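Please look over the sequence and the model shown here. The paragraphs after it go through the chains, then the contact between them, and then some details of the backbone.

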Amino acid sequence: MAEARITGGCQCGAMRYEARSLKDNSHVCHCRMCQKASGNFFAALVGVPLEDFAWTRGTPAAFRSSEHVERGFCRDCGTPLFFRHDRNQHISMTIGSFDNPAAIPLAFQLGMEGRLPQVDQLASLKDYGTTEDADPDGTAAIRKTTRQHPDHDTAVWPAEVDA
Amino acid sequence: MSEIRITGGCQCGAVRYALHEQPDGAHICHCRMCQKAFGSFFAPFIGVEQSAFELTRGELSVFKSSDPTERGFCNRCGTPLTIHDRHSSRIGVSIGSLDEPEKFEPVSQCGIESRMSWFGQLAALPGDKTTEEDNPDFTAKIAASNHQHPDHDTAVWPPPGT
């Protein structure tokens, strides 16, 4: 059987990682610390056993948000990358930083004391369609000049610029 | 007339900002660039005119994710904070970085090409526990050593002696 290799990284590509397995604990945490750390309504995380995890490019920065918890990110682009409790035998990666987050369905939610009322409305928000439909010119300009790392590993990054 | 002052900042408190007009256009963007920049399924933004955005502590670090777009964050803790399109007079702030995010309800969503297929089920995920119910010991330890900036401005941060 081929070994699973699940990859991810930050937006700019300075940090890349691989996981050979995932725990079955994919979840969103609504606690206020996860909210502020991720600038979002919640953090979406899934655990990777430490023995199945490796950084394949770069060394992430980390903020110790409390005595036993480190939150890792890319210092070059800011992408929130992980939550790690010193005593856990796993590292919890942000699901959106995986190259294929759609393959990691959520199992549960927690941190309910911080759950924002907006979460209940999210699915019924007015829908402006795809990025391209909403703004074709803007989308073309982004596509032409994107500096986001592709959703797969690369041998060299940033891509070498044609002279 | 009282002056509008809506505050926010990053997790560690090195970067703090104030909005001096009522922000609007709150939305979530599902596009793959916002997903990866936030490490999440979408990014939630609300906007003001740039002239109404004041950095009150520290500096934004900026990643230019494409020629038109600058994404601001804190390089001490990583919190995603702002988005700015060079053709726009406005700046967006991440709703989760506001000190009172519950007051800013999104009205629309975009970037639907990358929306998770199960997005509609998100609110109904199993689970009803608070952090404390889930893990009381852990919660007590966090409370005793919390390094997150409080959800209001502070004269001095971090507190002296820490």
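Of the 163 residues in chain A, 44% are buried. A residue is called buried if 20 or more other C-beta atoms lie within 10 Å of its own, exposed if 12 or fewer do, and partly exposed in between, with the C-beta atoms placed from the backbone. In chain B, which has 162 residues, buried residues make up 44%.

This is a predicted model, in which local features need pLDDT of at least 70 and side-chain atom pairs count only at pLDDT 80 or more, while totals for chains, interfaces and linings use all residues. Residues are numbered from 1 along each chain as its sequence is written, and chains are lettered from A and ligands numbered from 1 in the order in which they are written. The pLDDT is the predictor's confidence in each residue, on a scale from 0 to 100. For chain B the average pLDDT is 95, and 99% of the residues score at least 70. For the complex, the predictor gives an ipTM of 0.94 and a pTM of 0.94.

Chain A contains three helices and eleven strands. Helices (H or I, at least four residues) and strands (E, at least two) are DSSP runs, numbered from the N terminus. Along the sequence, the elements of chain A follow the pattern β-β-β-α-β-β-β-β-β-β-β-β-α-α. Chain B has three helices and ten strands, and its pattern from the N terminus on is β-β-β-α-β-β-β-β-β-β-β-α-α. The C-alpha trace of chain A spans about 50 × 40 × 35 Å along its principal axes.

Two residues are in contact if their C-beta atoms, placed from the backbone, lie within 7 Å. Within chain A, 61% of the contacts between residues at least 6 apart in sequence join residues at least 24 apart.

How many residues of chain B are in contact with chain A? There are 65, and they touch 66 residues of chain A. Among the elements that give two or more residues to this side of chain B are α1 (32-38), β6 (61-66), β7 (69-73) and α3 (136-144) of chain B. The residues on this side divide into 27 nonpolar, 26 polar and twelve charged. Here Ala, Val, Leu, Ile, Met, Phe, Trp, Tyr, Cys and Pro count as nonpolar, Asp, Glu, Lys and Arg as charged, and the others, Gly among them, as polar.

Two strands pair if DSSP finds at least two bridges between them. Strand β11 of chain A (residues 126-127) pairs with β10(B) in the parallel sense over two bridges. In this pair, Lys126(A) has Ser108(B) as its bridge partner. Elsewhere in the sheet, β4 (residues 43-49) and β9 (residues 90-94) of chain B run antiparallel and are joined by five bridges. Ile46(B) stands opposite Val93(B) in β9(B).

Where does Pro158(A) lie? Pro158(A) is in the segment after α3 (136-145) of chain A. A cis peptide bond joins Trp157(A) to Pro158(A), with omega about 0°. In chain B, a cis peptide bond joins Trp157(B) to Pro158(B), with omega about -5°. Pro158(B) lies in the segment after α3 of chain B.
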